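Here are my notes on the ligand site and the pockets. Please read them beside the model.

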Amino acid sequence: MTMTFEYTPAPESRAIVTIKPKYGHFISGKFVTGAKHFPTINPATEEVLSQIALGGKADVDAAVKAARKAYTNTWSKISGKERGKYLYRIARIMQERAREFAVLETLDNGKPIRESRDTDIPLAAAHFFYHAGWADKLEYAGLGTSPKPLGVAGQIIPWNFPLLMLAWKVAPALAAGNTVVLKPAESTPLTALLFAEVCQQAELPVGVVNIVTGDGSTGALIVNHPGIDKIAFTGSTEVGKIIARAVAPTNKSVTLELGGKAANIVFDDAPIDETVEGIVNGIFFNQGHVCCAGSRLLLQENIAEEVLHKLKNRMEKIRVGDPMDKNTDVGAINSKEQLAKIIELAAVGDSEGAERWSPACNLPSKGFWFAPTIFTGVTQAHRIAREEIFGPVLSVLTFRTPAEAIEKANNTPFGLSAGIWSEKGSRTLWASQQLRAGVIWANTFNKFDPTSPFGGYKESGWGREGGRHGLSAYLKGVSNE
Ligand code: NAI
Ligand code: MG
């Protein structure tokens, strides 16, 4: 006889956060009223959380002016040691207010509280701690004896890891002596606005961090602003190409962190149970809204059946639902638009002849939801094997020889990440040398650390973020590769 134990609801309280009905921009250390507003919602319930200012030309001008003034008069004048003190202070306040950040992130984004609490927020604080340590040691970073900041950085971030992407951008910029104008994504601005309060609390000199909220039009104003020295962008390859064209005739430096279609390769000597956990983490972590997600599973043919059987059993146990519940594994899709894109590409998978499977799930009636899904019988020509779905959808392909695995893995316009599962060290090392991907995990997946550079080949982007390599993207006269 088997017994099933149900989980009773374990909801995190939202009482710790106070969401204002309306927010302005954060410019020169103060919140300033916006002209127009748009709503940000909780994608798990469709509840309107707040009205967010839509940044226009005057707002971006004011933010760039404030950032330039702070750069010239304060931030580029003080010592690295002083800058480091502010970064440490910000990191500590983020830790102290971690629960607030986690609850806000989950409400605004739809990701499970377990992930915002245990991954996003601790990693965001870790990025500030790590870069605080660099601020007074830049001359030892291997970038020459006296590396210099670039000036004012315009930073545009996506909605999948809102606070973490802010940390990836703001921490190295500030450590290197730059000031910033940052625009959060339109569907997830709330943690950036709480971060603005943290900057006030840390008594960061005014104008060092400016946050202008808005949509793509606001982002374009930042990209094209003549007062900006560097653009750092994370988001779609499509917008990345627009930005690359816009900055090409200018003197602006640029880093782009774009899409991916990572191969997660399972050789027949892999430890199967651990591999199944890694496959699940690779594609269903953060609803699959992950640029480096292991979205193409490549299984060696002789073990494919066994892996798929165990994978389906494991997927039956994934808990999809209320993101505020501490037991939830997969939360809500971030927006109606993203859900439409996932539904459309999955339908293409059906019509091109791949076979769809999902476990039975009770999806909530309100909000945006998509059950964890796998497609088998996928070929390299299928759109679901080539395009980024950016959702909880896994495309499964098979291979016979290691050489075939590599050829299939590299047959993509992207090259952000890859995974290798094998108990043989020599095979893992050989495969990792053949793969054209910026980050390669062996017998694990989706591991992040501020000390490790992250970035892609080909259409996955330009430059690296994190580690010593990422620092060089905010310093003059040194290459970032
Ligand atoms: P997006 O690239 O449009 O948005 C990312 C950020 O860029 C947002 O802050 C947005 O306001 C801003 N933006 C949009 N147009 C801009 C422009 N012309 N100039 C400057 N900034 C602009 O991404 P979106 O529409 O939210 O998602 C579409 C697809 O992009 C997803 O389905 C996914 O495939 C991919 N994506 C990849 C991400 C990654 O981490 N690599 C993150 C988000 C989306
Ligand atoms: Mg939202």
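1. A polar side-chain atom of Lys183 lies 2.9 Å from an oxygen atom of ligand 1. A side-chain N or O atom of Glu186 is 2.7 Å from a ligand oxygen. Gly235 uses a polar backbone atom, 3.2 Å from a ligand nitrogen. A polar contact here is a pair of N or O atoms within 3.5 Å.

2. Ligand 1 alone exposes 800 Å², and the protein buries 84% of that (Shrake-Rupley, 1.4 Å probe).

3. This is a predicted model: local features need pLDDT of at least 70, side-chain atom pairs need 80 or more, and totals for chains, interfaces and linings use all residues. Residues are numbered from 1 along each chain, chains are lettered from A and ligands numbered from 1 as written, and side-chain values use heavy atoms, without hydrogens or water.

4. The shell around ligand 1 has 27 residues (a heavy atom within 4 Å). Among the closest are Trp159 and Lys341. By class, the shell holds 13 nonpolar, eight polar and six charged residues (Gly counts as polar, Tyr as nonpolar).

5. Ligand 1 sits in the largest pocket (more than half of its atoms within 2 Å of the grid points). A pocket is an open set of points on a 1 Å grid over the protein atoms alone, with protein on both sides within 12 Å along at least five of seven lines; lining residues have an atom within 4 Å of a point. The volume is about 1,300 Å³ (space filled by probe spheres set on the points). Its lining numbers 48 residues.

Key: Polar contact = N/O pair within 3.5 Å; in protein donor to acceptor, adjacent residues only side chain to side chain. 1 Å grid on protein atoms, 1.4 Å probe; cavity = no way out; pocket = protein on both sides within 12 Å on 5 of 7 lines; lining within 4 Å.
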